[in-house]
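My entries follow in the order in which I made them.

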Amino acid sequence: MRIAISTGGGDAPGLNAVIRAAVLSAVDRGWHVLGIKRGYAGLMGDDDVIPLGRDQVRGIGHLGGTILRTTNRGNPFEYPVKQPDGSYIEIDRSDELIENARNLGIDAIISIGGDGSLAIAQKLARKGVRIVCVPKTIDNDVSGTITTFGFDTAVTTAMEAIDKLHTTAESHDRVIVMEVMGRHAGFIALHSGVAGAAHVILIPEIPYSVDKVCEAIEERERRGRSFDVIVVAEGAYPKGGEESVIGDSLPGQARRVGGVAEGLARQIGERTGKECRSLVLGHLQRGGMPTGYDRLLATRFGGAAVQAIEDGKWGHMVALQSPDIVTVPIEKALGMPRRVDPKHDLVRTARRVGISFGD
Ligand code: F6P
C-alpha cells in the first residue's frame with residue numbers, strides 16, 4: 001500500500017503532529033508514504049513529492065507549520081495560471097493530478113485541510129480518487145466534528161494577548177480593540193474573549209450596534225472601570241452593515257476578511273471621548289507550537305485517517321465526536337458551515353458575567 005499526504009489551505013498548529021501520526025501508523029502497517037508538497041502542487045509538476053518515513057517525521061510533533069508546506073491558491077479544479085500579459089486564468093488540472101498520482105503508484109490520499117480542501121477532496125472522490133480527509137482550521141468552522149486541531153492554540157494565543165492588553169489598557173484608561181481571526185465564524189473571539197475576560201465580544205453571528213458597545217463602555221465607567229478590552233472577530237459587522245474586506249486577494253485565493261478593528265476604535269473614540277487603540281492579532285494565531293490539546297487531537301486524527309484508509313472509507317473525514325474519533329461523509333461536513341449558536345451556553349454564560357455582545 002502506498003499512500004500520500006497533502007496539507008492545503010492556511011496552516012494550523014498541529015499539522016505536523018497529524019503528519020507524524022499518519023506516517024508512523026502507516027509504517028507500522030508496512031505501508032509506504034509520500035508527502036505531496038504545497039497542497040497538490042507536488043502532483044502537478046509545480047513542486048516535489050517526497051518519501052516520508054520514521055526519519056522524516058522524527059521530532060516534528062511539537063512544531064507549528066507544516067513540513068509539507070501549504071497554499072491557499074492550489075485548487076486543482078481552478079488552478080491559477082499566469083498569462084503572458086500578467087493576468088491569470090483558472091483552469092481545471094484535476095485530470096493531470098489524478099494521472100500523476102497513478103503514475104506514482106499512489107493508492108490513497110490523506111488530505112489535511114479546511115472547508116476549501118474538503119470541497120476539493122469531495123470532487124476528487126467523485127472522480128474516483130481514494131481519499132480521506134482530516135479537518136484542519138484555527139477557525140473551528142467545520143461541521144461534523146466537535147472541534148478541529150489548531151483552534152485551541154489560536155484561542156490560547158488570543159487569550160494571552162487579551163491578558164496583556166488588560167494591564168496596558170488599565171494603566172492608560174484606554175479602550176483597546178483587538179481583532180482576531182475566524183473568517184465568518186466567531187469561535188476564536190468568543191472563546192478567547194470569555195477565557196481572557198474581555199469586556200465586549202463582537203462576532204459575526206451577533207451583528208453589533210456601535211451605540212450598544214459605547215453604552216457598555218459608559219456603564220463600566222459609571223462603575224469606576226475606566227478601561228475596556230474589546231475582542232472583535234474579523235468577520236463581525238454592524239447591524240445592517242457588511243463585514244470588512246481586505247482588497248488584496250491573489251488569483252485563486254478566497255476573499256480576505258478583516259480590518260474591522262481600526263474603524264471601530266475610531267467610532268468608539270468619537271462617541272465616548274475615550275482614548276482608543278486597535279490592533280490586529282493576525283497570523284500570530286496560526287503560528288507557533290500547538291497546545292497539548294491540539295497535539296493530542298492531531299495525533300488521534302492522523303492515526304484515524306490511516307485506519308479510515310484501511311477501512312476503505314473513501315470520501316470521508318475523520319472527526320471528533322467525544323469521546324470517539326469517528327468518520328463522517330465529506331458532504332456532511334460541507335453541508336452546513338459551523339457557526340456560533342447565539343443561544344449557546346457559552347454566549348449565555350458570557351452575558352451573565354457581564355460581557356456585552358454589542359446587541
Ligand atoms: O482560515 C484560517 C484563516 O487564518 C482565517 O482565520 C483568516 O481569515 C485567513 O485564514 C487568513 O488567510 P491568509 O493567511 O491568506 O491571510
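**Helix pairs**

I began with α7 and α8, which are oblique to each other, oblique being the class left over once angles under 35 degrees are called roughly parallel, over 145 roughly antiparallel and 65 to 115 roughly perpendicular. The axes of α7 (residues 210-222) and α8 (residues 260-272) come within 10 Å and cross at roughly 60 degrees; such axes are lines fitted to C-alpha atoms, for helices over the stretch in contact, with angles running from 0 to 180 degrees between N-to-C directions. Helices here are DSSP runs of H or I with at least four residues, and strands are runs of E with at least two, numbered from the N terminus.

I noted that the model is predicted, so that local features need pLDDT of at least 70 and side-chain atom pairs count only at pLDDT 80 or more, while totals for chains, interfaces and linings use all residues. Residues are numbered from 1 along each chain as its sequence is written, and side-chain values use heavy atoms, with hydrogens and water left out.

The crossing of α7 with α8 is right-handed, that is, the near helix is turned clockwise from the far one by less than a right angle, anticlockwise being left-handed. I then listed the residues in contact (heavy atoms within 4.5 Å): Val210, Asp211, Val213, Cys214, Ile217 and Glu218 on the α7 side, and Leu264, Gln267, Ile268, Arg271 and Thr272 on the α8 side. Sorted by class, they are 6 nonpolar, 2 polar and 3 charged residues, where Ala, Val, Leu, Ile, Met, Phe, Trp, Tyr, Cys and Pro count as nonpolar, Asp, Glu, Lys and Arg as charged, and the others, Gly among them, as polar.

Next I turned to α5 (residues 151-172), which packs with α6 at an angle of about 50 degrees, the axes being 8 Å apart; this pair is therefore oblique too, and its crossing is right-handed. Phe151, Ala154, Val155, Ala158, Met159 and Ile162 of α5 meet Phe187, Ile188, His191, Ser192, Gly193 and Ala195 of α6, a contact with 9 nonpolar, 3 polar and no charged residues.

From α6 (residues 187-195) I followed the packing on to α11 (residues 345-352), where the angle is about 40 degrees and the axes lie 11 Å apart, which makes α6 oblique to α11. The crossing of α6 and α11 is left-handed, and the contact is made by Leu190, His191 and Val194 of α6 with Leu346, Val347 and Ala350 of α11.

**Domains**

How far apart do the C-alpha centres of domain 1 and domain 2 lie? I found 32 Å, with domain 1 given as 2-149 + 290-322 and domain 2 as 151-287 + 341-352, bounds that come from an automatic or database domain assignment. In contact are 22 residues of domain 1 and 18 residues of domain 2. The two domains bury about 1700 Å² between them, 53% of it on carbon and sulfur atoms, buried area being the accessible area (1.4 Å probe) lost on putting two parts together, summed over both. On the domain 1 side, Arg73, Ile138 and Asp139 lose the most area to domain 2, together 36% of what that side buries.

**Backbone**

Most residues other than glycine have a negative phi, and most peptide bonds are trans. I recorded a phi near 50 degrees for Arg183, which sits in the loop between β8 (175-180) and α6. The Ser322 to Pro323 peptide bond is cis, with omega near 0 degrees, and Pro323 lies in the loop between β14 (316-321) and β15 (324-329).
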